[in-house]
Amino acid sequence: MYFDSLSAAMTMGGHGGYVWSAYAITFLVLGVVILRPILSSRRLRRDIRSELARKATVSGVSNAS
Amino acid sequence: MWRIVHQFGSPPWVYRFCERVIPWLLPITFTALVIGSLWGLLYAPTDYKQGDSYRIIYIHVPAAVVALAGYYVMAAAGLVSLVWKIKLADTAMRAAAPIGAAYTAIALITGAIWGKPTWGAWWVWDARITSMLILLFLYLGVIALFEAYENKAIAARACAVLSLVGTVNIPIIYKSVDWWYSLHQPASIKFTGPSAIDASMLYPLLGMIITFYALFAVLMMINLRDLLLDDHRSSAWLKKQLEA
């Protein structure tokens, strides 16, 4: 590590607040753009699958009767 | 050659490709992002002039570089969509817009945070910063414009026109630090001649630029997959794909 201690790495000679918050905001924004479409896809896939399952049971019941 | 072109225009092929690649590429790029950040934060040396505030460069420059590259992707997709009326090109254009907006926002926010200790101001109406703000509005404009139309074919055409008109902003962003007197420093990395940056700082910076490009590519696939699921929810190929 370039810094002597972990507290020196946190404060960075007075610039720590700026640097760490810049990285925190970046990870936050990237987290949102990564997770939003993944969660949306998961929901869409579940909806399409349950629709298919519903149709399958309906046709299955009509075949049995 | 034509087979490859045909495959890239085929939604089922692209969907299956995304499904196969994302589970590998996303963890790899995210790990690279964490390692690159720690390298820039903790292991790269301090700048003798700016002190440790310069460490913001490792996210600020990659975000800005790829925000511009992403605009080419969006505008090129818009052009293909206008000329050849390929629906998948509309989808690619829509997939690129939110990523570009996020990268541009990151470049602007980290720039503001870097500006405070370095210039003494969070924001200045500088040519480089103002043209980047216009880039953000172009990305957001494409997203909003697509949502505004009920007819999605017309919406896609309007977005393609907007993204093509917006390309005039790109050379302005590149040249802004040369054309106008600017607080913003010129590029430290040069393709011709030696870079004005030491190797101990250059390597983590190049690593982060490559990582931000890779993340853009993964995010394109994640967004494409999501948009294809939404657009093709009643298509036979997708039902078959999800049943398997």
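Which loop of chain B does Lys85(B) lie in? Lys85(B) is in the loop between helix H3 (57-84) and helix H4 (87-119) of chain B. This is a predicted model, where local features need pLDDT of at least 70, side-chain atom pairs count only at pLDDT 80 or more, and totals for chains, interfaces and linings use all residues. Residues are numbered from 1 along each chain as its sequence is written, while chains are lettered from A and ligands numbered from 1 in the order in which they are written. Helices here are DSSP runs (H or I, at least four residues), numbered from the N terminus.

**Loop residues with positive phi**

- Lys85(B) has a phi near 55°, a positive value in a residue other than glycine.
- Lys85(B) counts as exposed because it has 12 C-beta neighbours inside 10 Å. On this scale, 20 or more other C-beta atoms within 10 Å is buried, 12 or fewer is exposed and in between is partly exposed, with C-beta atoms placed from the backbone.
- Over in chain A, Met12(A) sits in the loop between helix H1 (6-11) and H2, and its phi is near 50°, again positive in a residue other than glycine.
- Met12(A) has 19 C-beta neighbours inside 10 Å, so it counts as partly exposed.

**H4 against H5 in chain B**

- The axes of H4(B) and H5(B) come within 9 Å and cross at roughly 150°. Axes are lines fitted to C-alpha atoms, for helices over the stretch in contact, and angles run from 0 to 180 degrees between N-to-C directions.
- That angle makes H4(B) roughly antiparallel to H5(B) (the label applies over 145 degrees).
- H4(B) passes H5(B) in a left-handed crossing, meaning that the near helix is turned anticlockwise from the far one by less than a right angle.
- The contact includes Arg94(B), Pro98(B) and Gly111(B) of H4(B), and Ile129(B), Leu133(B) and Phe146(B) of H5(B). Being in contact means C-beta atoms, placed from the backbone, within 7 Å.
- By class, the contact of H4(B) with H5(B) has 16 nonpolar, three polar and one charged residue. Ala, Val, Leu, Ile, Met, Phe, Trp, Tyr, Cys and Pro count as nonpolar, Asp, Glu, Lys and Arg as charged, and the others, Gly among them, as polar.
- Leu133(B), in helix H5 of chain B, is partly exposed because 14 other C-beta atoms lie within 10 Å.

**H5 against H6 in chain B**

- H5 (residues 127-148) and H6 (residues 152-165) of chain B pack at about 165°, axes 8 Å apart, which makes H5(B) roughly antiparallel to H6(B).
- This crossing of H5(B) and H6(B) is right-handed (clockwise in the handedness convention).
- Gly141(B), Val142(B), Leu145(B) and Phe146(B) of H5(B) meet Ala155(B), Ala158(B), Cys159(B), Leu162(B) and Ser163(B) of H6(B). Seven of these residues are nonpolar, two are polar and none is charged.

**H2 of chain B**

- Helix H2 (residues 11-43) of chain B has a kink of about 45° at Ile22(B), shortly before the proline Pro23(B). The bend is the angle between axes fitted to the seven residues ending at a residue and the seven starting there.
- Buried residues in H2(B) include Tyr15(B), Thr29(B) and Gly36(B).

**Chain A meets chain B**

- 26 residues of chain A are in contact with 36 residues of chain B.
- Helix H2 (residues 16-64) of chain A gives the largest share of chain A's side, 19 residues.
- That side of chain A divides into 18 nonpolar, six polar and two charged residues.

How values were computed. Helices (H or I, at least four residues) and strands (E, at least two) are DSSP runs, numbered from the N terminus. Angles under 35 degrees count as roughly parallel, over 145 as roughly antiparallel, 65 to 115 as roughly perpendicular and the rest as oblique. Two residues are in contact if their C-beta atoms, placed from the backbone, lie within 7 Å.
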